[in-house]
Amino acid sequence: MIDRRFVKHFDWGLLGLTFLIVCLGLLTLYSAVTSSTAGPQKILYFKQLVWYCIGLAAMIFSLFFNYKLLDRWAPIIYAMIIFLLVYVLLFGKYVAGARRWIVMGPVSIQPSELAKIAVIIILARYYSKLANIGGLNLRELFTPFVLAIVPFILIVKQPDLGTGMIVLLIAGSMTVFVKIERRSLLCIITSCTITVPLVWFFLKGYQKRRILTFLNPDRDPLGAGYHVIQSKIAIGSGMISGKGFLKGTQNALAFLPEQHTDFIFSVLAEEWGFIGGFILLGLFLMFIIWGLNIAYRCREPFGTIIAVGITAMIFWQVFINIAMTMGLMPIVGVTLPFISYGGSSVITTMICVGLLLNISMRHFLVE
Amino acid sequence: MTKYLKTADQDWYKQRLVRIAFCVAGTFCLIFMRLFYLQVIHGEELRRLSENNCIRLQSTDPSRGMIFDRNGKLLVDNRPSFDLNIVLKDAKPIEQTVKKLSKYIHVPESELLSKIENEKTVSSYKPILLKKDIGRDALAAIEVRKFDLPGVVVDVKPRRHYIERQTAAHLIGYLSEINADELNSEEYQEYRVGDYIGKFGVEKIFESFLQGKRGGRQVEVNVMGQVVRILKTVDAQPGQNLYLTIDLNVQKKAEALLEGVAGAVAAMDPQTGQILALASSPSFDQNIFVDGMSHDQWDALVSNPLRPLENKVIHGEYPPASTFKVITAIAALEESVIDKKTTFYCPGYYKFGNRVYRCWKPAGHDNVNIIKALAESCDVYFYQVGQKLGIDRLSMYAIASGLGSPTGIDLDHEAAGLIPTAEWKKRRTGVAWQGGETLSVAIGQGFDLATPLQMLVLASAVANGGNIYKPLILKSVYSPEGSVILERKKQLAGKLPVSKKTLEIIKEGLKEVVNNPKGTAWLARVEGLDISGKTGTAQVVGRSKERGLSEEELAHQLKSHAWFIAYAPSADPKIAVSVIVEHGGHGSSAAAPIAMEVIKTYFGYDKNSKPEERKVASNP
């Protein structure tokens, strides 16, 4: 049943890279959840280990079937995810001001994480059939626009702005990759430049204030602004070689918000310094280039576009998360792939790795 | 249309992928540079700031909106409370600091240490609350020795203060510390542990106006935990001020009149629905909910048989008794069962089936028409009218007049009362409606139940010509700077099912209650004031069998509830009043004088006339 060529072409490099990043992530998470007397507890570390076991299974599962089957399954997967997103809005568990989780016995899942994969697959199906050298025109862009905006709106409603934005960025990156026709692009840009000030004009005072605070955390010195300062202090205080494993003080005193999810990079940078941060970023860069290389070597558009979508997802999450902890970006709830704590995030990322491996080892199968 | 010739092939994709790779690399360069900037260029400085976790947040609580009466008299404000905190990280050596502290504020060391022990899990830079509201003396003692007490911080927080102890407690309500369930609910997202929220009455219902917005500051502290530099400040925004519709004078008078009994008084402006007084007796001191009460205080509140925590104006359901005759009269006149001239003979009893229904006056009322029947509250007249109407027509009028459902006042858990129908009884008990029960219902006994507020709304509607207004407790809301945020308008909830002609007859009857020497409230009348009203004496059944009561208590428990509803002046009503005194006996003697006094106070008659002590005969 298993073709020997699959073993021969298996992408050990990507798997090894993933393994390295996951190890770094688990080390950092261990520090984030143990060295503090308050906040998250050690149990999260073990839970994350369990999630990685499940994630490994999900990865293996998503590498065994021929990814081209996804072309046929895409609408079903997409419909299921939309259903889950609606379901979570209506019946999801209410935690800290948002409805993001569907609780099933002891585990809760975040359908918004899985929505990222669904959007990648459905857009790949659409674009692989339509892409042409001239680029897509406005009429052709309407369907993908709807396909991306529906999950975006459902996710933002939860509210989970971070994940919603990632969905849009993935869709946008894939669209730009398959090229937008020059005239259509001009149209889009001009209409955006006109509507944005118009919308701004119609917003209420408090809405404007919220947006301004989002763009400039310093306006909220007791909330986001404070978090950015603490995060910058944590990162900066790591200096070149870091304070050492489990020695981070900002982390230990629970100065950082969401230290095990959104701000986990600060923990790593404080304890491992510039060297550690550099290595992690290097690994991520390699991973992304590797993903693009898989897209490059793939010999048919559907696989190429999926690989680009997945790589775009990893890229945007890494970039936004790290830029945010270093005070370069507004604070949004975006997790750092492989590093942040979170079951749905782990499983989604591992499925994506599985798909990349899948595309990579089947690149010779072309007809 | 040559698109198919330009189908994208893999080489085209490869070109684009190379460009993307360059973009990614460029972005990563940016991130590397930022990392280098923070960790290498600014590393030293940021390391210094991290050493002592210098940058901290201190929050300042907003001062809660004040509450005034309709004339701007202050009912509720805030006073400063000095809360003693300790920051463990700065307080080293802890034992020594606590020892000194216990000496200065006269609190045993063990108590302070146990507080600290309980909060140990909180990270050591966060202040732990040792004692709330330490008072000015202790504050002075600590401030003087500040440098001897590292890590000890006194927080000044606004604390709720109810100026008039026990006054309008049920209306205003109280604050209390937020509990775990509330913290997890959607409603209280913005709140934190230790916050005070409105738990009852106006404080709860109008929480969103009153709360204000928390502020705070980012500060840099030294090794002792003392602030060396304030980096950023966000001012707390005080809450908005509420003006209630109640009149403090009338309110206090009503409460004074209820002193020592269980009961309720409610008054409103019949032209607007604005509540002028809302008193429930016995009352309680709201301050103990804020300052913290002892077990005994709490036990005393909940075990008191007179139920001080219950707002009897809206929660108390009583048989409306003879006050209900207003409804029976309206129904009969509107349905043409009787007219103004119809008379019945009252021998003091009425035979129905094989039972004898008694009039309250054993000697009988002789020939009675509707005016006299209302004025002298003749039961026999209304037995016959009720019988002719039948239960369902009667109930229809009662329900259309607003009875049997909440009035919609802005307070929690308003009771609905009860207006029975034949169908309701069948559904509820499985037994068909009995003709005799209609007779009881026609005089407001039997299954009938109403709250004092419902009867007040009814009295107001009769007074103002038939408009049922929603009772309002909030008059206006002002921002702390003094601009109007909200001005409550009167809200029409419905119309009495009554023609102008019928209403005139009813009003004439109600006027006779007070102004005819034979009227049931004649002895409670006030010279110079033109008042209309209706007495009621609600027979009590059942209750007495509870618990082991002494004979005296038992006798008290079996006494009737006394009702009086009224409005004045009769021609152009400015105030409507509803009074109930639990186990007060007759409406004419126990309730009517209270209503009269309230009306006198409202019109300012208080100053020149002597207080009550009016001799009243014992008829209902």
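Of the 620 residues that make up chain B, 43% count as buried. The model is predicted. Chain B has a radius of gyration of 34 Å, whereas a compact globule of 620 residues would have one near 25 Å. The secondary structure of chain B consists of 23 helices and 23 strands. Contacts in chain B between residues at least 6 apart in sequence join residues at least 24 apart in 73% of cases.

One part of chain B to follow in detail is a sheet. Strands of a sheet pair through backbone hydrogen bonds, and the pairing is either parallel or antiparallel. Here 5 strands of chain B form an open sheet in the order β12-β11-β23-β22-β21, and the pairing is antiparallel. At the edges stand β12 (275–281) and β21 (532–538) of chain B; each has a single partner strand, so one side of each is left without a neighbour in the sheet. From one strand to the next, the twist averages 5°.

Within this sheet, strand β22 (residues 561–568) and strand β23 (residues 575–581) of chain B run antiparallel and are joined by 7 bridges. One position can be located directly: A568(B) stands opposite I575(B) in β23(B).

Two helices lie across strands of the sheet. Helix α10 (residues 248–258) of chain B lies across β11 (263–268) and β12 of chain B, and runs at about 25° to β12(B). Helix α20 (residues 452–464) of chain B lies across β11, β22 and β23 of chain B, with an angle of about 150° to β23(B).

The next feature is a helix pair. Two packed helices are described by the angle between their axes and the distance between the axes. For helix α14 (residues 325–334) and helix α21 (residues 500–515) of chain B, the axes come within 10 Å and cross at roughly 145°. The crossing of α14(B) past α21(B) is right-handed. On the α14(B) side the contact involves V326(B), A329(B), I330(B), L333(B) and E334(B), which meet T502(B), I505(B), I506(B) and G509(B) in α21(B). By class, the residues of this contact between α14(B) and α21(B) are 6 nonpolar, 2 polar and 1 charged.

Conventions:
Residues are numbered from 1 along each chain as its sequence is written. Chains are lettered from A and ligands numbered from 1 in the order in which they are written. This is a predicted model: local features need pLDDT of at least 70, side-chain atom pairs count only at pLDDT 80 or more; totals for chains, interfaces and linings use all residues. Helices (H or I, at least four residues) and strands (E, at least two) are DSSP runs, numbered from the N terminus. The radius of gyration is taken over C-alpha atoms; the globule rule is 2.2 Å times the number of residues to the power 0.38. A residue is buried if 20 or more other C-beta atoms lie within 10 Å of its own, exposed if 12 or fewer, and partly exposed in between; C-beta atoms are placed from the backbone. Two residues are in contact if their C-beta atoms, placed from the backbone, lie within 7 Å. Two strands pair if DSSP finds at least two bridges between them. Axes are lines fitted to C-alpha atoms, for helices over the stretch in contact, and angles run from 0 to 180 degrees between N-to-C directions. A crossing is left-handed if the near helix is turned anticlockwise from the far one by less than a right angle, and right-handed if clockwise. Ala, Val, Leu, Ile, Met, Phe, Trp, Tyr, Cys and Pro count as nonpolar, Asp, Glu, Lys and Arg as charged, and the others, Gly among them, as polar.
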